[in-house]
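Notes below, in the order I looked things up.

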Amino acid sequence: MKTLGIDYGKRRIGMAVTDELGITVRPLPTLDRKRTDPLTAIRDTIAQEHPDTIVFGLPLDHNDEETAMAREVRSFAEKVIREIGLPVEFVDESGSSQRAEFLLRGRRKKVRRTKANVDKIAACLILEQFIEENGQS
């Protein structure tokens, strides 16, 4: 099952996708919300990648309660469901951006630690967590 992962943010949206078997994950270009309509860009990505489902990272607090940002993610996901019609899942993404920054910092090769790179790696981490939690690997 091919899955699209989304790390939703107020400024940027990181995206990643699995292979057809749902085993490997690769990053996709990060969407800059000031330069592009996110629904249109996600629709275009879906047309190109053909995922079966979409996974949104849901930022929970330290008590596993939904934050204001989590409510915003759910609201955006509802728009995606209405516009696109694919099944949507959620996975706790608390700390994914910090882990992404840590991973980029630890690379031997010089990789720019831009916020766009952090967002796309965070989307990869969200997908990997979803795969792990759902026993797809």
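These entries go through the sheet, then each helix in turn.

I'm working with a predicted model here. I began with the strand order: five strands make an open sheet, arranged 3-2-1-4-5, with mixed pairing. Strand 3 and strand 5 sit at the edges with a single partner strand each, so one side of each has no neighbour in the sheet. On average, neighbouring strands are turned by 25° against each other, direction ignored.

**Strands 4 and 5.** I then checked how this pair is joined. Strand 4 and strand 5 run parallel and are linked by five bridges.

**Helix 1, packing.** Which strands does helix 1 touch? I found that helix 1 packs on the sheet and touches strand 1, strand 2, strand 3 and strand 4, with its direction at about 150° to that of strand 3. For its length, I get twelve residues and 16 Å from the first C-alpha to the last, close to the 16 Å expected at 1.5 Å a residue.

**Helix 1, faces.** I listed the buried residues of helix 1: Pro38, Leu39, Ala41, Ile42, Thr45, Ile46 and Glu49. They span an arc of only 165° around the axis, which places them on the same side of helix 1. The cover over these buried residues includes strand 1, strand 2, strand 3 (25–32), strand 4 and helix 2. On the face turned away from the buried side I noted Ala47 and Gln48, both exposed. After helix 1 comes His50, with a positive phi near 55°.

Next I looked at helix 2, which lies across strand 1, strand 2, strand 4 and strand 5 and runs at about 165° to strand 4.

**Helix 2, faces.** Which residues of helix 2 are buried? I get Ala70, Val73, Phe76, Ala77 and Val80. Their arc around the axis is only 125°, which puts them on the same side of helix 2. What covers them includes strand 1 (3–8), strand 2 (12–18), helix 1 (38–49), strand 4 (53–58) and strand 5 (88–92). Turned away from that buried side are the exposed Ala68 and Arg82. Last, I checked just past the end of helix 2, where Gly85 has a positive phi of about 85°.

Terms used:
Residues are numbered from 1 along each chain as its sequence is written. This is a predicted model: local features need pLDDT of at least 70, side-chain atom pairs count only at pLDDT 80 or more; totals for chains, interfaces and linings use all residues. Side-chain values use heavy atoms; hydrogens and water are left out. Buried means under 20% relative accessible area, exposed over 50%, partly exposed in between (1.4 Å probe, protein chains only). Helices (H or I, at least four residues) and strands (E, at least two) are DSSP runs, numbered from the N terminus. The arc is that of the directions from the helix axis to the C-beta atoms. Contact means heavy atoms within 4.5 Å. The expected span of a helix is 1.5 Å times one less than its number of residues. Two strands pair if DSSP finds at least two bridges between them. Axes are lines fitted to C-alpha atoms, for helices over the stretch in contact, and angles run from 0 to 180 degrees between N-to-C directions.
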